[in-house]
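Trainee: Could you walk me through this structure and show me how to read its features?
Mentor: Gladly; let us look at it together.

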Amino acid sequence: MLRLVNRRILLNILSDRQPISRAEIAKISGLNKATISTITSELLKDFCIVEDGSGRTTPIGGKPPTPLRLNAKRFGLFGVDIRADESILALGDFNNRIVARMSFETGSNASSFLNKIGKEIRKLRGKHHSFIEFAGIGVSLPGLVDNHTGKFLLSVVLPWRDVPVVQLLEKATGLPVTIDNSARCSALAEIWHGKAQYAHVRNLLYVSVSTGLACGVVIDGGLYRGGNNTAGQFGHIPINVNGPDCRCGQRGCWDLYASDKATLKRYSEMRGTGGKRISTMRKLVELVDSGDTAATDAIRETARYLGIGITGLINGLDPEVVVIGGEITKAWGVIEPIIVEETKRNLLAPRSHGIAIRPSAFEVRPSLKGALTLVQNSLLSVPHMG
Ligand SMILES: [Zn+2]
């Protein structure tokens, strides 16, 4: 895992600062020169990075201290972000740039929909022949996923059940396919491509606030999936045993107090007969921005519940960074002080390094970035690429 973390740090520095010399990488990363030299030789051998200027061989008589840059065309990576309403297919290069992107209305028939995606991927492969190789396809799914069987099990937002996503897409494209649920994909995107200060972070909690509430946990640099691949469903921890019934069979789950659905319900109760009738978080945040009292109170109350749940998770998991994703983070100025206040009051142990609570680094579709990162992550987890 250390190897993967170091490769990730090095590739991120290259992506941000290229062209850059080994010495400068050492200065920024804090990694020692021997480690950097080992990783860069491996990456050069695999043509993942190139020495700036030549891009091929170095002059006879040894290697001058030439700067390095990523070989963007080394790998093409496909990311598929499946959501209940609209799904996105993207082709990214090895330098994290999206070179093609298209959206589709998500079909209720999973296999015909995935075959359609497979067909588009074949077309994109034919069109973008400048890539040396296509590394694979990462798929983010809105529900429970079994990584061992490659199946999408079930979801409350999509009528797909027991869908062999990996098998269907591999058959349609001939490329290796990796799947995961959207909260875990988003967590992976944050640790890989979040703000620069995350470069050395090894433990991160991602809280996805959307119709429901789900989490992704990165432990020691890798995604934590659990024994049955269901890890991260913290939305269904009861925070009030006398609370309302939850669809999971328990009562008073965190999800019922802090999800978008809960916030919208709270707003509609608070606004009474007056106020605007709205059905999306985006509209609710607009009302907060315009100074609407009921909307602001509803969101503040959600922030308190987010703080209560997050405090419990910090006590249990001890992450260095907590990242919150979802429309609600557009009202960050309103929710942040309440969440921070709640965690400060109730943390069990003082944190010597503090705890950073931040909105997602990605304004749009962190799970799409996560789908692409799934491919990158599996590519770099193996000792020798290519
Ligand atoms: Zn529940």
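Mentor: Let us start with the lining of the largest pocket, whose residues divide into 19 nonpolar, 18 polar and 11 charged. Here Ala, Val, Leu, Ile, Met, Phe, Trp, Tyr, Cys and Pro count as nonpolar, Asp, Glu, Lys and Arg as charged, and the others, Gly among them, as polar. Keep in mind that this is a predicted model, in which local features need pLDDT of at least 70, side-chain atom pairs count only at pLDDT 80 or more, and totals for chains, interfaces and linings use all residues. Residues are numbered from 1 along each chain as its sequence is written, and side-chain values use heavy atoms, with hydrogens and water left out.

Trainee: What volume does the largest pocket have, and which residues lie nearest its centre?

Mentor: First the general idea: rolling a probe the size of a water molecule over the atoms shows where empty space is left. On a 1 Å grid over the protein atoms alone, a pocket is an open set of points where a 1.4 Å probe fits, with protein on both sides within 12 Å along at least five of seven lines; lining residues have an atom within 4 Å of a point. A volume is the space filled by probe spheres set on the points, which are joined across faces, edges and corners. In this model the volume is about 1,500 Å³. The lining has 48 residues, and Ser208, Val209, Ser210, Thr211 and Gly212 lie nearest the centre. Elements giving two or more residues to this lining include α6 (182-193), β10 (204-209) and α12 (366-381).

Trainee: How do I read a helix such as α3, and what span should α3 have?

Mentor: Helices (H or I, at least four residues) and strands (E, at least two) are DSSP runs, numbered from the N terminus. The expected span of a helix is 1.5 Å times one less than its number of residues. Helix α3 (residues 33-45) has 13 residues, so it should span 18 Å, and its end C-alpha atoms are 18 Å apart, which agrees. At its start, a side-chain oxygen of Asn32 comes within 3.1 Å of the backbone nitrogen of Ala34. After α3 comes Phe47, with a positive phi near 60°.

Trainee: Which residues of α3 are buried, and what do they pack against?

Mentor: Buried means under 20% relative accessible area, exposed over 50%, and partly exposed in between (1.4 Å probe, protein chains only). In α3, Ile36, Ile39, Thr40, Glu42, Leu43 and Leu44 are buried. They pack against α1 (2-17), α2 (22-29), β1 (49-51) and β2 (68-70).

Trainee: Is Asn229 buried or exposed, and which residues does it touch?

Mentor: Asn229 is buried, with a relative accessible area of 4%. Leaving aside residues up to four places away in sequence, Asn229 touches Val145, Asp146, Asn147, His148 and Arg184, where contact means heavy atoms within 4.5 Å. A polar contact is a pair of N or O atoms within 3.5 Å; within protein, one must be able to donate a hydrogen and the other to accept it, and residues adjacent in sequence count only if both atoms are side-chain atoms. The side chains of Asn229 and Asp146 make one of 3.2 Å.
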